[in-house]
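Subject: Handover of a structure

Dear colleague,

Please find below the structure that I am handing over to you. My findings follow it.

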Amino acid sequence: MERSGIPTAVITNLVSIAEKVGAPRIVPGRAIPHPVGDPELEPDAERAYRRRVLERALEAVSTPVKRPTVFSMDGEEGDDDE
């Protein structure tokens, strides 16, 4: 999709693997069974968490990158070379 000009982002807690396989934009998720949620949170808090993850992923796909870039949930972005 990236080669066709459609930006992509992967949400995963397996960040190092995503970087190694060359995923262009990586948003860290919570855990393998529920990368975009957290069943430990109360429903309202989990809904807010899910929204933050989705908004971060949307920020990621709207950001041009030249190599695998991690978009952390604290608003920072970067790669291992920085």
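In what follows, two residues are in contact when they have heavy atoms within 4.5 Å of each other. Please bear in mind that this is a predicted model.

I begin with D38, which is found in the loop between β2 and α2. Neighbours within four places in sequence aside, D38 is in contact with R30, E46 and Y49. The side chains of D38 and R30 are joined by a polar contact of 3.1 Å. Is D38 buried or exposed? With a relative accessible area of 9%, D38 is buried, because a residue counts as buried under 20%.

Y49, one of the contacts of D38, has a list of its own. With neighbours within four places in sequence again set aside, Y49 is in contact with G29, R30, P35, V36, G37, D38 and L41. Y49 also belongs to the largest nonpolar core, whose six residues are V27, Y49, V53, A57, A60 and F71. Helix α2 supplies the largest share of this core, namely four residues. Another core, of five residues, lies apart from it and includes V15, A23, I26 and V70. In soluble globular proteins, nonpolar side chains tend to be buried together.

Turning to the sheet, four strands form an open arrangement in the order β1-β2-β3-β4, with mixed pairing. The edge strands, each pairing on one side only, are β1 (10-12) and β4 (77-78). Helix α2 (residues 43-61) packs on the sheet and touches β1, β2, β3 (69-71) and β4; the direction of α2 makes about 165° with that of β2. Strands β1 and β2 (residues 25-28) run parallel and are joined by three bridges. Within this pair, I11 stands opposite V27 in β2.

The loop between α2 and β3 holds T63. A polar atom of the T63 side chain lies 2.7 Å from the backbone oxygen of E59. Beyond residues up to four places away in sequence, T63 touches R25, F71 and E77.

Finally, E19 has its place in helix α1 (residues 15-20). Why does E19 count as buried? The relative accessibility of E19 is 18%, and buried means under 20%. The C-alpha atoms of E19 and R67 are separated by 8.8 Å, although these residues are 48 residues apart along the chain.

Yours sincerely

Conventions:
Residues numbered from 1 in each chain as written. Predicted model: local features only at pLDDT ≥ 70, side-chain atom pairs only at ≥ 80, totals over all residues. Heavy atoms only, no water. Pairing = 2+ DSSP bridges. Helix = DSSP H or I, 4+ residues; strand = E, 2+ residues; numbered from the N terminus. Axes fitted to C-alpha atoms, helices over the stretch in contact; angles between N-to-C directions. Buried < 20%, exposed > 50% of the residue type's maximum accessible area, 1.4 Å probe, protein only. Polar contact = N/O pair within 3.5 Å; in protein donor to acceptor, adjacent residues only side chain to side chain. Core = buried A, V, L, I, M, F, W, Y, C linked by side-chain atoms within 4.5 Å.
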